[in-house]
Amino acid sequence: MPTIDRTITFPLRAVAAMIFVAVLLLSGCAEKPEAMLASAKESLARNDRNTAVIQLKNALQENPDLAEARFLLGKALLDSGEVEAAEKELRRAAELGYPADMVAPSLARALLARGDHERIAADFARTDLASPEARADLKTTLGHAHLASGNFAAARGDFAAALAAVPEYPPALLGTAGLNADAGDLLAALAMIDTALAKSPALYAGWQLKGRILEAQKRPDLALAAYRKALEISPDYLPAHWAVLALLLDQGKSEDAGGQLALLQARAPKHPQTFYFEALLAVSRKDFAAARNASQQQLGMVPNDTAGLLLGGYIDTQLGSYVQAEKQLLKVLKDSPNQALARLTLVRSYLLSRQPSKAMDALKPMLENAASNADVLALAGEVYAQNGDTTAAVGYFEKAAALDPTSAERRTDLALSRMASGEGERGLRELEQSAASDTGIRADLALIATSLQRRNYDAALAAVVALEKKQADTPVPHKLRGTVLAARGDMAGARRSFERAAALDAGDFGAAASLARLDLADKKPDAAKKRFESVLAKDPKNVQAMLAMAELRARGGEGAGEVAALIDEAVSANPVDAAPRLALIAHYLRSNEPKKAITATQAALAALPERPEILEAAGQAYQAAGDSNQAKAMYLKLAQLRPRSPLPLLRLAELQIAANDNVAAQESVRKALAIEPDRLDAQRAMIVLDLRRGRSAEALAAARDLQKRWPKESAGYLLEGGVLASTGAVDAALAAYRAGLKQVGTPDLAIQLHAALVRSGKGQEADSFSATWLKEQSLDVEFRSYRAQIALDKKDYALAARLYKQLQVLQPDDVPTLNNLAWVAGQLKDPEALAYARKAASLAPGNAAVLDTLGTLLVDKGDLARGLELLQKASALAPDDAAIRLDLARALVKAGQKDVARKELDTLASLGSTFPAQDEVARLLQGL
């Protein structure tokens, strides 16, 4: 069962609100002019509400417009916990003209009991009552409504106004004490309550709040005594019943809790909290059917209650009602995205319902702050293992083990911990024993992941066989077998395993994605698309499949608009899912459309205002659009939500660097490093800032320190070379790059060395190095692309063509490579140019640059009609691309369509100096 979450169900300020409602429900009644109400009033005076309710209903049968009867009935129902019925009667009393001083405070308390905090502020914030007592009553209710909404300053002001109306007004004193307690000043709050109780020992609400503070001080026995004192004074005081129940359940005393629940049911059988505790007690007894019945009754009355939704989600997960569990838990997370228990329950629900990809998406927001939470880390290991990322899975399992290596509940973690500390064989044996004895699958997943990481494929496959015995009818073992076989190089066997997983569940995204990767490796993009279409046929709202389809189409060269429309469909289908919104923002940023990115950002913020990843993406969008103030606002809000994350500080540093505020940037980076000292990007940023501030000696020392700390990373050598080059020590910079190449040997170092040689006037040495590197590094795509671009810029088409042909062999379906090769071949009059262009167009039929190249080549070959058609389509796809417009204008001139050509050329001429080919534009215009 879930642990009772005080932060949701019983925070001090919420308890104070409930206290206040219950205290004031016991206040006296006004004079009743109708003789027929006398017996009802007498019953109320004796605290016999049940009899009074019957008498009042009888009176209203005779005279439905009897305002005072409506009012008294509303108060009695509210006191009994029948909140909705109470609100209805109180509103009818107000319509019948019953005094606002009497109705407004009670109606506000009814709304508070329902959790309708916004409605209280909207209806009563400006209500001015004549009676000081009524004003104090209403202001205190407003204070608790503001507390529930998180507006603590307004709440404190409301309580102060209540105390100004009626000095030492008990509910307002308790509200203020609750505020002090929430601020962490428990001693001050307790002293305030003790003072109140010394003056009014029968103030049962004070005893209740005192018990809550004693609980916060880890003094449960004294807290229970305080709650029982409150009930001794007022046996009908519901919050004290709730507090006793919660404490007993926390202590595992279900029998005592059952007795307390019986007392609560006798006094408030229809109150939402009565049903909530009935459900919670049933969960503690593992009677989930009874728990669901009680939970549904509670949520029927208060459908937006966070604690009720969380409990309902847990119950439905235990009963296997995963769709209903998902709805309830997502509702909690929409309003409280950082609610950890809801997110953990949702992740487990997804795993149990065989949706590991959804489990991954739900888990990710927790990982940033999970460094000290063994439960979250262990769950992460299971999630990553089920998604096929065995390397990450082992990492998370090991971190969980390191935090709690001796826990009997973490035998799997202990085995992994032994392996991590060097006791590999012993750890592996313990892991095998754990997997064999565990009826669950976590140990099996850990064993498979660990064996795979150690490249012990036979052991991994044996572990998959054991897992299959436990979960023969699920895709999980087949996906893992496919992963092992793929790592072993048996692609045919891997494909068969993934296909078996897909056959068991056509909606399994992991199996579809694995098969799609194999299809793409076999150069079958259409087959890859069909994999995701199959997932969407079963699950039309599957976010991952929709985004994968969009990515495939983008890779195929479809226009940015078509890809955006696909992602937008995913957003519409899943409006509270952050993934498609983030994908849409990222797509617009990649397409260099910052204004559209901002529009997508604003929609995302409206739907998910407190999601850290949305705030980061918003900052990036505003930054790309040049709105540094809005970007800064996003990063500052992100820093508030993630105070222990270095990311927002580094994002702020980017803004400060762009504004040349190097001192502020360095302070931001320093704060980031204080949080995560070994963060490599922060270390790099600090070195760059030192260099910008003229601290070259410090920058050089830090760069060399990076080399020692991360000897297999190129960053230290790149930075050392950059620092030395900036100080004029060219030979030393070249030596640093060469040392890095020897130690690490990555393409980025090769590129920097070549560029440094060129800058220092050592062109012949640069060419010699380039030739040697290209010969020795026959598979290096990055350096070849760099050299090909240089050759293109220098119009050395022969060298460019040779390099692009090498790249085309290495990545035969890479559209940019094919397109560049086609263009260069065209410049060299190579008869293969058209074939290269046609292949690029077949792979990317919606890519404007590809259509431009193919159209231009066709025009050059004399196929004016087809060439013009393609150039017009390219210009329509990229209307702001002046180079494409110029190619179109040339073709129009060649085709004799002078008027249309003039229109295109006039548009280009209007661009002025922003378009560098104005000489050719003028020449073409002159020839028309």
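## A bridge between helices α30 and α32

In this predicted model, the side chains of E499 and R531 form a salt bridge, with an N to O distance of 4.0 Å. E499 belongs to helix α30 and R531 to helix α32 (residues 525-538), so the contact ties together parts that lie 32 residues apart in sequence.

Both partners fall in the intermediate class of accessibility. E499 is partly exposed at a relative accessible area of 34%, and R531 is partly exposed at 22%. The two also take part in a network: salt bridges with shared partners join R495, E499, D519, D522 and R531.

## A buried pair

D508 and K479 are linked through their side chains by a salt bridge of 3.2 Å, N to O. This pair connects distant parts of the chain, 29 residues apart: K479 sits in helix α29 (residues 476-488), while D508 sits in the loop between α30 (491-504) and α31 (509-521).

Because buried means under 20% relative accessible area, D508 counts as buried at 5%. K479 is likewise buried, with a value of 7%.

## A pair within helix α39

The side chains of E654 and R651 meet in a salt bridge of 3.0 Å, N to O. These residues are three positions apart in helix α39 (residues 647-658), which means that about one helical turn separates them.

## Overall count

Side chains of opposite charge can pair when their charged atoms come close. In this model the count comes to 40 salt bridges.

Methods: Residues are numbered from 1 along each chain as its sequence is written. This is a predicted model: local features need pLDDT of at least 70, side-chain atom pairs count only at pLDDT 80 or more; totals for chains, interfaces and linings use all residues. Side-chain values use heavy atoms; hydrogens and water are left out. Helices (H or I, at least four residues) and strands (E, at least two) are DSSP runs, numbered from the N terminus. Buried means under 20% relative accessible area, exposed over 50%, partly exposed in between (1.4 Å probe, protein chains only).
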